[in-house]
Amino acid sequence: MTPAHNPGHAPAGILLHLAGPLQSWGTHSAFNERDTARFPTRSGIIGLLAACLGRRRGEPVDDLARLSLTTRTDRPGVLLRDLHTVGGGLPAKGTVTTAEGKKRPPAQGTLLSHRTYLADAVFTAALTGNDTALLHECAEAVRQPVWPPYLGRRSCPPEGPLLIGLLQDPLHHLVHLPLARTGAPLRQPAPDGTPPAEQSRGQSADFHSDAPLHHLPIPQSGGDPDHLDGSTPVSEVTDDPMDLSPRRRTYRARPVYRRTVHLPDTPRGGLGADYLTALHTYLNSTASELQGGAA
């Protein structure tokens, strides 16, 4: 049963719209092999916030690392593998540094680098925590960033709007915000007689979080098609940043909680201008809960 929506007693959180032609959320990238997770990582989102706040790479991010991240996959996208050449045509002092700290000779300076991206993916993310002042500061920074934010890699700029807003009860809105995908669930039997319950199987979304998801406020009409309620982790990923300094980057491992939920009552907002219109309509309907400006 869905808990009653009582925004007056729920903590606030930042909601982000993560969309762009390409995204890349590396988890174990090394040297010339650059991977991507299928969902935004904690290190990537914390780095995005740090850029918006104007923090340099050597500055602490302990306060940002205390925020919890939960994402909804609106569109999973497709994997795209790209080939780059790195370091060619440079003098010896400008070539790629080896593992021993030396420089490669010019004749051997060109390296091949394989980089994997998510193409045409869209996620909605909720950042939650107990530090209300920090959340307000981050929301304002995303609205007016000091440095350009990017979706995991500097070659992956986001499309607007990045900030949805700072709202009370962000997990409730993470479930009910319009999905950035086309189509709409049918509430009457289809011409071929398919009942609504069968049609709504396509109206589902994956949620990933660093915290258990069994308390996710899904509606009564929703359900878990894979029977996982998100109460126990399904895997582990090393993406919780401890130090983002260029030469001392270190991360700790953290659990990954996943839950797939039917959302037959969550509207599909479509793409482009149609999605922006659906988002605007939704935010207007919850204007009394909006704490920070939406983009």
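A residue is called buried when its relative accessible area is under 20%, exposed when over 50%, and partly exposed in between, using a 1.4 Å probe and protein chains only. By that rule Asp 169 is buried, with a relative accessible area of 17%. Asp 169 sits in the loop between E8 and H4, and its phi is positive, near 55 degrees, although the residue is not glycine.

The structure is a predicted model, in which local features need pLDDT of at least 70, side-chain atom pairs count only at pLDDT 80 or more, and totals for chains, interfaces and linings use all residues. Residues are numbered from 1 along each chain as its sequence is written, and side-chain values use heavy atoms, with hydrogens and water left out.

The protein chain has six helices and twelve strands. These elements are DSSP runs numbered from the N terminus: helices are H or I with at least four residues, and strands are E with at least two. Of the 295 residues in the protein chain, 44% are buried. Contact here means heavy atoms within 4.5 Å. Among contacts in the protein chain with a separation of 6 or more, 79% come from residues 24 or more positions apart.

In soluble globular proteins, nonpolar side chains tend to be buried together. A nonpolar core is taken as a set of buried Ala, Val, Leu, Ile, Met, Phe, Trp, Tyr and Cys residues joined through side-chain atoms within 4.5 Å. The largest such core has 39 residues, and the members that touch the most others are Ile 14, Leu 16, Leu 18, Leu 49, Leu 64 and Leu 127. Two or more residues of this core come from each of E1, helix H1 (42–53), helix H2 (62–65), strand E6 (111–119), strand E7 (122–128), helix H3 (132–143) and E8. H1 gives the largest share, seven residues. A second, separate core has 23 residues, including Ile 164, Val 175, Leu 213 and Tyr 275.

Leu 127 is in strand E7 and is buried, with a relative accessible area of 3%. Leaving aside neighbours within four places in sequence, Leu 127 is in contact with Gly 13, Ile 14, Leu 16, Ile 45, Leu 49, Leu 67, Ser 68, Leu 69 and Leu 135. One of these, Gly 13, is 114 residues from Leu 127 in sequence but 5.4 Å away in space, C-alpha to C-alpha.

H1 itself has twelve residues and reaches 16 Å from its first C-alpha to its last, close to the 16 Å expected at 1.5 Å a residue. The expected span is 1.5 Å times one less than the number of residues in the helix. H1 is mostly covered, with eleven of its twelve residues buried. Among them are Arg 42, Ile 45, Leu 49 and Cys 52. Gly 54 follows H1 and has a positive phi, near 80 degrees.

Helix H6 (residues 272–285) has 14 residues and reaches 20 Å from its first C-alpha to its last, close to the 20 Å expected. Its buried residues include Tyr 275, Leu 279, Tyr 282 and Leu 283. Seen down the axis of H6, the buried residues fall within an arc of 95 degrees, taken from the directions from the helix axis to the C-beta atoms, so they line one face of the helix. On the other side of H6, Ala 273, Asp 274 and Ser 285 are exposed. The cover over the buried residues of H6 includes strand E1 (12–19), strand E8 (163–168) and helix H4 (170–176).

Several loop residues deserve a look. The loop between H3 and E8 holds Gln 144, which is exposed, with a relative accessible area of 53%. Gln 144 and Cys 52 are 92 residues apart in sequence and 7.4 Å apart in space, C-alpha to C-alpha. Pro 161 also lies in the loop between H3 and E8, and a cis peptide bond with omega of about -10 degrees joins Gly 160 to Pro 161. Asp 120, in the loop between E6 and E7, is not a glycine but has a positive phi of about 60 degrees. Asp 120 is partly exposed, with a relative accessible area of 47%.
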